[in-house]
Amino acid sequence: MRAFANLLERLAFTPARNAKLRLLRHYLEQTPDPDRGYALAALTGDLKLRTVTPGLLRGLMVERVDEQLFAMSYDFVGDLAETIALLWDTDRNEDVPLTQAVALLSETGKAGLPAAIATMLDRLGPSQRLAFLKLATGNMRIGLSARMARMALADMGDPDVAQIEEIWHGLTPPYQPLFDWIAGGTRPEHAARAPFRPVMLSTPVDLDQLGAFDPADYVAEWKWDGIRVQAINDGGVRRLYSRTGEDISNSFPDLIEALNFDGTVDGELLVRRGEDVAVFGDLQKRLGRKQVGRGMLESHPAGLRVYDLMIWQGRDLRELPLMERRAVLEGADFGSNRIDVSPLLDFTTWDDLAALRADPPAAVIEGVMIKRRDSPYVGGRPRGPWFKWKRDPHVVDAVLLYAQRGHGKRSGFYSDFTFGLWEADQLVPVGKAYFGFTDEELRELDRFVRNNTTERFGPVRSVAPKLVLEVAFEGLNASGRHKSGVAMRFPRISRIRWDKPASEADHLSTLKAMIP
Amino acid sequence: MRADQILHPTPAGLYCPPGDFYIDPVRPVHRALITHGHGDHARSGHGAVLATRQTLEIMAIRYGEDFAGQRQAADEPLRIGDTTVSFHPAGHILGSAQIAVQPDRGPKIVVSGDYCRHPNPVSAPYEPVPCDIFVTEATFGLPVFRHPDPAGEMTRLLASMAEFPERHHLIGAYALGKAQRLIMLARQAGIDGPIAIHGALQRLCDYHLEQGIDLGPLVPATAKQVDAQLVIAPPSAFASAWVQRFRDPVIGFASGWMAVRARARQRGVELPLVISDHVDWPQVTRTIRELAPQEVWITHGAEDGLMRWCELQGIPARPLRLVGYEDEPE
């Protein structure tokens with residue numbers, strides 16, 4: 001568990017994605033089975049263990065440490081597991097296999113648990129104690145998605161991410177067949193029904209680039225501002241996956257119940273009320289919930305707008321040209337009024353399409369999708385067959401308020417910018433952006449921050465409110481969590497307005513008027 | 001004479017009436033006894049300064065030769081007024097000392113200054129001095145602070161340097177003491193090649209060399225291209241544009257505070273190294289047990305934790321609540 005504890009600590013403090021991937025890959029390469037499989041499952045949240053309550057841990061501690069000293073310590077450290085890991089008094093520092101810790105936490109009965117945990121803590125050094133306690137409380141908080149875990153696995157051997165994704169959902173910890181396959185063995189068979197299939201992605205395009213193509217070779221449809229999903233009913237096993245292969249079935253029981261077909265379909269998850277499609281903000285309220293209340297199911301009903309069929313009634317359609325799949329799609333019966341088909345748009349020239357894109361019939365449309373008529377369904381992001389032509393972003397002129405130092409390649413540079421808009425004579429923070437500018441502009445912004453600092457709070461500086469930034473963003477949600485009452489999606493700095501005085505920046509009311 | 005007539009806190013610092021001197025005063029005074037060269041203990045502008053020879057030399061490097069009206073090296077016990085004072089190694093940084101004050105009548109008081117009992121290649125080891133009243137710091141005065149073996153922390157640094165060989169490792173360390181200790185720890189861990197140091201460390205590293213501490217090959221980290229993977233700099237350098245010369249560095253920090261994750265996060269550190277020049281909880285409690293003083297006075301830090309421990313042990317203790325000392329000085 002020493003290597004696992006080291007890995008956890010490094011991951012917790014490493015902000016850069018590539019560095020995280022390297023740490024994880026090295027760990028997986030150097031750690032034997034089954035420890036590495038359990039570690040992987042612990043990191044991605046797929047390890048189901050008995051959850052140890054904070055009360056149990058506190059109880060262990062007050063038997064060993066003066067209650068006042070414990071309270072002062074907890075107050076200083078701020079995290080119960082960490083406080084206990086630091087306070088536990090032992091000179092031993094054994095390298096206990098992670099598998100032993102996992103066995104303890106999955107097999108020990110409730111009555112024996114406190115003593116078993118204490119015995120384990122007695123054997124471990126401080127960072128291992130923390131790793132063990134995080135495992136026991138089911139609270140890794142490491143920010144590692146299952147997608148990243150699969151990317152690290154793909155770096156270890158021949159199978160690529162798409163191939164690993166395809167079998168991932170049939171696997172269980174500690175993933176021995178997967179590691180064997182990566183090491184050159186045979187590919188594990190689909191162990192479970194309703195596996196995730198790699199999704200076909202599009203590349204961005206604009207009118208100039210489209211000019212090189214013949215519009216007759218393409219079809220177009222609206223680009224819906226929902227969530228791309230893969231919905232499956234495989235012999236009665238129903239699943240809903242995000243486009244990165246996360247299983248989100250639990251958040252959408254109403255849609256799961258409506259998957260009355262036999263196949264694997266590609267479409268957009270939307271909140272729908274009758275014929276109307278709700279804005280993204282409504283859909284967001286349904287995300288990330290382990291359980292959805294009855295009220296939410298009624299006020300925010302989920303629906304699916306299908307645009308492609310991958311497997312239908314036992315037949316894999318992915319090799320067929322798009323228009324042949326489309327013919328099957330248009331004749332399909334999905335068995336529920338929550339599911340319908342994304343219609344094709346009527347256009348002859350790219351200018352026709354530009355006109356449609358400029359004036360969509362609903363706020364929830366964020367542009368158009370353009371697909372080659374003869375394109376087979378290919379997982380990944382092939383260049384060419386599918387394009388997304390998003391509507392132009394919204395922009396506001398905001399005032400730079402705070403800047404935070406960046407990490408990695410931006411170490412030493414103030415690169416994360418908080419900006420605000422006017423409300424009466426106050427500037428209210430409305431968002432944060434850390435991209436959109438060139439390296440040269442970053443140097444200029446950094447210099448501005450250093451020369452105009454008014455206060456410092458650790459890595460953050462507040463700056464004199466005088467620089468105007470043009471901020472582009474894709475959409476807006478009303479938000480109770482933000483002081484301004486709005487949350488921007490994908491905000492980035494599109495221009496630095498060195499020329500514009502801060503007093504002429506936009507007002508919060510302008511932004512609020514853009515909420516759909 | 002009562003203990004608090006021999007030594008008591010004033011706004012300028014700890015004052016000793018029978019000797020008419022201050023210890024580590026935070027304001028200019030006519031006569032100062034100084035435990036060690038960190039900026040919050042050793043300030044310039046006093047009338048006369050008594051300290052170890054190394055502390056005096058360090059003050060001259062930091063503040064210029066005219067840092068005080070007069071200076072005297074504390075080589076042996078010395079009569080001052082109605083007291084005898086002596087200096088004893090504290091194990092904190094080069095030249096650091098505890099100051100023992102023996103009044104002609106009354107209890108003997110030892111002011112330990114900042115002290116540390118982990119072996120430290122850049123400092124003479126801490127020497128226990130029997131006393132009636134022990135004046136201790138409590139920088140890490142909570143039982144969560146058990147500083148690990150520094151060799152283990154260096155293993156983590158080496159592992160990271162091997163894992164990311166293309167990235168500079170920039171480790172923040174206070175310019176006096178911690179930086180040189182870190183360099184020595186790196187040498188002990190097997191880093192033989194050049195180590196780059198920030199310009200602010202140069203003169204103090206030179207001084208350690210003069211004192212016979214072989215820091216090995218050092219190169220300046222001021223050039224545009226820095227040819228050493230390990231770079232040591234004072235923490236303040238990380239907020240300056242100096243960092244921008246490094247492409248995608250791993251930023252580390254060597255401090256006792258790094259044991260607590262929230263503290264490391266506040267600093268934006270990618271590689272926290274728990275290396276401290278202060279006593280941790282086991283050391284401070286062991287020291288008090290060994291010395292068995294009649295009373296413990298606590299200068300600064302987490303005094304509540306140590307007060308509680310003394311209470312549980314039945315040792316009279318009181319906080320001096322001295323202001324002006326930093327948690328871990330720069």
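1. Let's start with a pair of strands. Strand 2 and strand 10 (residues 365–372) of chain A run antiparallel and are joined by six bridges. Two strands count as paired if DSSP finds at least two bridges between them, and strands (E, at least two residues) and helices (H or I, at least four) are DSSP runs numbered from the N terminus. A:Trp224 stands opposite A:Ile365 in strand 10 of chain A.

2. Before going on, a word on the model: it is predicted, so local features need pLDDT of at least 70 and side-chain atom pairs count only at pLDDT 80 or more, while totals for chains, interfaces and linings use all residues. Residues are numbered from 1 along each chain as its sequence is written, with chains lettered from A and ligands numbered from 1 in the order in which they are written.

3. In chain A, four strands form an open, mixed sheet in the order 1-11-10-2. Strand 1 (203–204) and strand 2 (218–224) of chain A each have a single partner strand, so these edge strands have one side without a neighbour in the sheet. Helix 18 (residues 350–358) of chain A packs on the sheet and touches strand 2, strand 10 and strand 11 (386–390) of chain A; contact means C-beta atoms, placed from the backbone, within 7 Å.

4. Next, have a look at strand 13 (residues 414–423) of chain A, where seven of the ten residues are buried. Buried means that 20 or more other C-beta atoms lie within 10 Å of the residue's own, exposed means 12 or fewer, and partly exposed is in between, with C-beta atoms placed from the backbone. Strand 13 and strand 14 of chain A form a hairpin with two residues between them, and A:Ala424 in the turn has a positive phi of about 55 degrees.

5. Finally, which residues of helix 8 (residues 113–123) of chain A are buried? They are A:Ile117, A:Met120 and A:Leu121. These residues lie on the same side of helix 8 of chain A because they cover an arc of only 100 degrees around the axis, taken from the directions from the helix axis to the C-beta atoms. The buried residues of helix 8 of chain A pack against helix 4 (54–62), helix 7 (98–107) and helix 9 (126–137) of chain A. Exposed A:Ala115 and A:Thr119 sit on the face of helix 8 of chain A turned away from its buried side.

Technical notes. Two residues are in contact if their C-beta atoms, placed from the backbone, lie within 7 Å. Axes are lines fitted to C-alpha atoms, for helices over the stretch in contact, and angles run from 0 to 180 degrees between N-to-C directions.
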